[in-house]
Amino acid sequence: MLVDRDIKAFIAADWSMVQNDFVEQGFMGVHGHNTSNPDHWRLAFPTLKDYADEWLDQAKNFQKESQAGAFEGDPMDAIFNATVLRDIEINGDKAIVHKKFDGRIPRADGTSDRMLWQTVYYCANVDGQWKITGFTGYLPNPMGGERA
């Protein structure tokens, strides 16, 4: 859900493809503002709707650029190639999952969009299916390199 379905839904700008991957009750998302200093992190998404609205805005903007021919090649391939989901810790019916991005999306004008951040997802096994209960995201990748 955190790689294949998420990327395909983002490219399609279709929240309905991922909405059932989340637990609405008690959800919260923290925006790390690309700093490893937690003093600068903010509770930007106190509800799932807040996050869904932001996710959809970002996806629609990306889709507009893609349809306008702003990217060279297939941006979906570039996003898949930049994505690493390797570290997963499961403890009972809870899990913490680290998703990292490190890559570039080539643009038709010869420049590229740098993808270099990470998100830590908090998940729970609900009725036999893993669901996202919240996250701390938009964090630097790697952590700890900058001083704030």
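Which strand gives the most to the lining of the second largest pocket? In this predicted model, the answer is E3, with 3 residues. Strand E3 spans 83–91, and E3 and E4 are the elements that give two or more residues to this lining. The second largest pocket holds about 160 Å³ of space. Its lining consists of Met1, Leu2, Val3, Leu85, Ile88, Ile90, Ala95, Val97, Cys123 and Trp130. By class, these divide into 10 nonpolar residues, with no polar and no charged ones.

The largest pocket has a volume of about 620 Å³. Its lining comprises 28 residues, and Phe10, Gln58, Phe101, Trp117 and Tyr138 lie nearest the centre. At least two lining residues come from each of helix H1 (4–12), helix H2 (48–67), strand E4 (94–106), strand E5 (112–126) and strand E6 (129–139). The lining of the largest pocket contains 18 nonpolar, 4 polar and 6 charged residues.

Backbone geometry was also examined. Most residues other than glycine have a negative phi, and most peptide bonds are trans. Tyr138, one of the residues nearest the centre of the largest pocket, has a positive phi of about 55 degrees although it is not a glycine. Tyr138 belongs to strand E6 and, because its relative accessible area is 21%, counts as partly exposed. His33, also not a glycine, has a positive phi of about 50 degrees. His33 is located in the loop between strand E1 (28–31) and strand E2 (42–45); its relative accessibility is 43%, so His33 is partly exposed. A cis peptide bond, with omega of about 5 degrees, links Asn141 to Pro142. Pro142 is found in the segment after E6.

Key. Residues numbered from 1 in each chain as written. Predicted model: local features only at pLDDT ≥ 70, side-chain atom pairs only at ≥ 80, totals over all residues. Heavy atoms only, no water. 1 Å grid on protein atoms, 1.4 Å probe; cavity = no way out; pocket = protein on both sides within 12 Å on 5 of 7 lines; lining within 4 Å. Points joined across faces, edges and corners; volume = space filled by probe spheres on them. Helix = DSSP H or I, 4+ residues; strand = E, 2+ residues; numbered from the N terminus. Nonpolar A, V, L, I, M, F, W, Y, C, P; charged D, E, K, R; others polar. Buried < 20%, exposed > 50% of the residue type's maximum accessible area, 1.4 Å probe, protein only.
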